[in-house]
Amino acid sequence: INLSIDKILMETKRNYWIHRISHIAHISYPLIHEGYLSYGWSDFAEDGFIENVREKGWSYFEDRLAEWNWPTNRHQLWRFITTMKSGDWVLVPSYGSFSIYELLEDAPLMIADIRDITIKNSGGMVIRRDERGYLLDDQGEYVDLGFARRVKAIAVDIPRASFADSKLISRLKVRQTNVNITDLENSVLDAYERYQHN
């Protein structure tokens, strides 16, 4: 996809994110190639959870996570469910490179609700599901992937060293699963434009 920078800047204001998919990488990477950005937290991937969090807000979310003693990374799940919006760009880091995807919907869905593709691992093996659609490993244990977002690829496998400036390279090293990097919009667009021209 080749979008002009002028067209990008004229569009509705978007946010920019980094989101790591190294968790359960042998399934997460094939999923994103099929148009699904994945996340863990499978213990909370139950009917009504997404809708209740988005409708009832932070107090409901905190109450549900109380059983886990409010893990510090709960803010990342909150962002994935409530803050990321359709049209936002998500940078997905991988070794020595990064890819840019655009979110297609405001709300995520549960991994169990992905029905338009056959979910496979990086070796091409079909991942088994239980009767509700939850993913199972070879031993019949549940795979810790609970949520996903539909995405489309904007640019894939952009070499960091060749196209990202120092600020973007530094931010791509963050340890959190996801983080808002809208303050680096110019760096992202510059990397994208230079990559398209090469």
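**Reading salt bridges and a strand**

Analyst: Happy to! E46 is partly exposed, at a relative accessible area of 32%. Keep in mind that this is a predicted model.

User: Which residue meets the side chain of E46 in a salt bridge?

Analyst: The partner is R64, with N to O at 2.6 Å. E46 sits in the loop between strand 2 and helix 3 while R64 belongs to helix 4, so the pair ties together parts 18 residues apart in sequence. R64 counts as buried, at 17% relative accessibility.

User: How many salt bridges does the structure hold?

Analyst: Eight. One of them joins E62 and R74, with the closest N and O atoms 2.6 Å apart. E62 lies in helix 4 and R74 in helix 5, so this pair connects parts that are twelve residues apart in sequence. R74 is buried because its relative accessible area, 14%, falls under the 20% cut-off. R74 also touches W41, W58, F61 and L65, among others.

User: And how should I read the faces of a strand?

Analyst: In a regular strand, side chains alternate between the two faces of the sheet. Here, strand 1 is covered on both faces: Y16 and I18 are buried on one side, W17 and H19 on the other.

User: Which strands pair with strand 1, parallel or antiparallel?

Analyst: Strand 3 pairs with strand 1 in the parallel sense over three bridges, and Y16 stands opposite W89 there. Strand 9 runs antiparallel to strand 1, also joined by three bridges, with N178 as the bridge partner of H19.

Terms used:
Residues are numbered from 1 along each chain as its sequence is written. This is a predicted model: local features need pLDDT of at least 70, side-chain atom pairs count only at pLDDT 80 or more; totals for chains, interfaces and linings use all residues. Side-chain values use heavy atoms; hydrogens and water are left out. Buried means under 20% relative accessible area, exposed over 50%, partly exposed in between (1.4 Å probe, protein chains only). Contact means heavy atoms within 4.5 Å. Helices (H or I, at least four residues) and strands (E, at least two) are DSSP runs, numbered from the N terminus. Two strands pair if DSSP finds at least two bridges between them. A salt bridge is a side-chain nitrogen of Lys or Arg within 4 Å of a carboxyl oxygen of Asp or Glu. Lists of a residue's contacts leave out its neighbours within four places in sequence.
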